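Please keep the sequence and the structure in view while reading.

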Amino acid sequence: MTPGEMLAVFATSIGAGALNTVVGSGTLITFPVLLAVGLPPVTATVTNALGLIPGSISGAIGYRRELRGQSRRLLRLSVAALLGGLCGAVLLLTLPATAFERIVPVLVALALVLVILQPRISKLLRERRRHRETPGRGLFAGLLLAGVYGGYFAAAQGIIYMSLMGMLLDETPQRLNAAKNVLVAVVNAAAALLFLFVADYDWTAVALIATGSALGGRLGAEAGRRFSPTALRFLIVAVGGVALVHLLVR
């Protein structure tokens with residue numbers, strides 16, 4: 001990569017780390033940049049997953065106050081996230097590259113739809129708050145499937161986790177967001193364990209994204225408690241739309 005490309009990867013990774021901590025979907029910013037600097041789609045996805053782990057951890061640490069009292073629940077749900085992340089990573093590595101190139105535009109489009117519908121999803125969750133019950137197999141199975149998606153392509157996985165937990169857990173949005181950051185970290189770490197040994201990735205880009213996302217995760221945690229996600233959703237949709245067009249014309 002040229003110095004300019006390295007700067008672009010680093011700068012966008014800061015934004016991705018912050019976005020992932022606050023609302024999710026930071027991959028929609030880093031992924032198109034990795035494609036633009038010349039990485040193949042599968043290599044870009046693996047590189048992105050490895051690099052964003054420090055950002056997820058940083059965001060979870062920033063939300064440690066909201067994590068109090070959730071340790072037992074998170075240990076149980078992390079099992080689903082771990083298994084799902086590993087399964088998703090295996091699918092990424094075993095399916096043909098052509099299959100990935102066909103599936104990714106669909107996943108990006110789905111992620112953008114989830115981002116756009118997030119206000120309506122939140123409203124629906126608030127309306128159902130009175131009818132929530134103790135989570136059981138349904139939440140575990142849902143997070144397992146969401147983890148498969150996250151291990152395969154990480155964009156908007158945090159929004160999916162928030163939707164599932166919001167429907168089945170009687171918690172405040174901030175505490176759910178804190179739990180979401182932990183689950184994202186587990187999924188990305190599970191996939192990374194496999195990627196480290198059998199996948200192709202760009203170490204320079206990994207280091208840049210890791211450094212930037214860790215910084216961004218911390219910044220996102222500071223701002224997440226008071227920052228309106230409207231502008232962030234607009235940015236995600238704009239950048240993700242560019243990524244979708246880029247993928248379709250490749």
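**Helix H8**

The buried residues of helix H8 are Gln157, Gly158, Ile159, Tyr161, Ser163, Leu164, Met165 and Gly166, where buried means under 20% relative accessible area, exposed over 50%, and partly exposed in between (1.4 Å probe, protein chains only). The model is predicted: local features need pLDDT of at least 70, side-chain atom pairs count only at pLDDT 80 or more, and totals for chains, interfaces and linings use all residues. Residues are numbered from 1 along each chain as its sequence is written, and side-chain values use heavy atoms, with hydrogens and water left out.

- Helix H8 covers residues 157-168, twelve residues in total, and spans 17 Å from its first C-alpha to its last.
- This reach is close to the 16 Å expected at 1.5 Å a residue, the expected span being 1.5 Å times one less than the number of residues.

**The chain as a whole**

- The protein chain contains eleven helices and zero strands; helices (H or I, at least four residues) and strands (E, at least two) are DSSP runs, numbered from the N terminus.
- Of the 250 residues in the protein chain, 52% are buried.
- Among contacts with a separation of 6 or more, 84% join residues 24 or more positions apart, a contact being heavy atoms within 4.5 Å.
- The protein chain exposes about 11,500 Å², of which carbon and sulfur atoms supply 68%; accessible areas come from the Shrake-Rupley method with a 1.4 Å probe, and for residues only the protein chains shown count as cover.

**A nonpolar surface patch**

- Leu196, Phe197, Val198 and Trp203 together form a nonpolar patch with about 490 Å² of accessible area.
- Such a patch joins nonpolar side chains (Val, Leu, Ile, Met, Phe, Trp, Tyr) within 5 Å, like charges being joined within 9 Å, from residues with over 30% relative accessible area and no salt bridge.
- Helix H9 (residues 173-198) contributes the largest share of the patch, three residues.
- Phe197 lies in helix H9 and counts as exposed because its relative accessibility is 72%.

**Side-chain pairs**

- One salt bridge is found in the whole structure, defined as a side-chain nitrogen of Lys or Arg within 4 Å of a carboxyl oxygen of Asp or Glu.
- It joins the side chains of Glu66 and Arg65 at 3.6 Å, N to O.
- Glu66 counts as buried at 10% relative accessibility, whereas Arg65 is partly exposed at 48%.
- The structure holds one aromatic pair.
- The rings of Tyr201 and Trp203 have centres 5.1 Å apart and planes at 90 degrees, so the pair is edge-to-face.
- Rings of Phe, Tyr and Trp (its six-membered ring) pair if their centres lie within 6.5 Å; planes under 30 degrees apart count as stacked, over 60 as edge-to-face and the rest as tilted.
- Tyr201 is partly exposed at 22% relative accessible area, and Trp203 is exposed at 52% relative accessibility.
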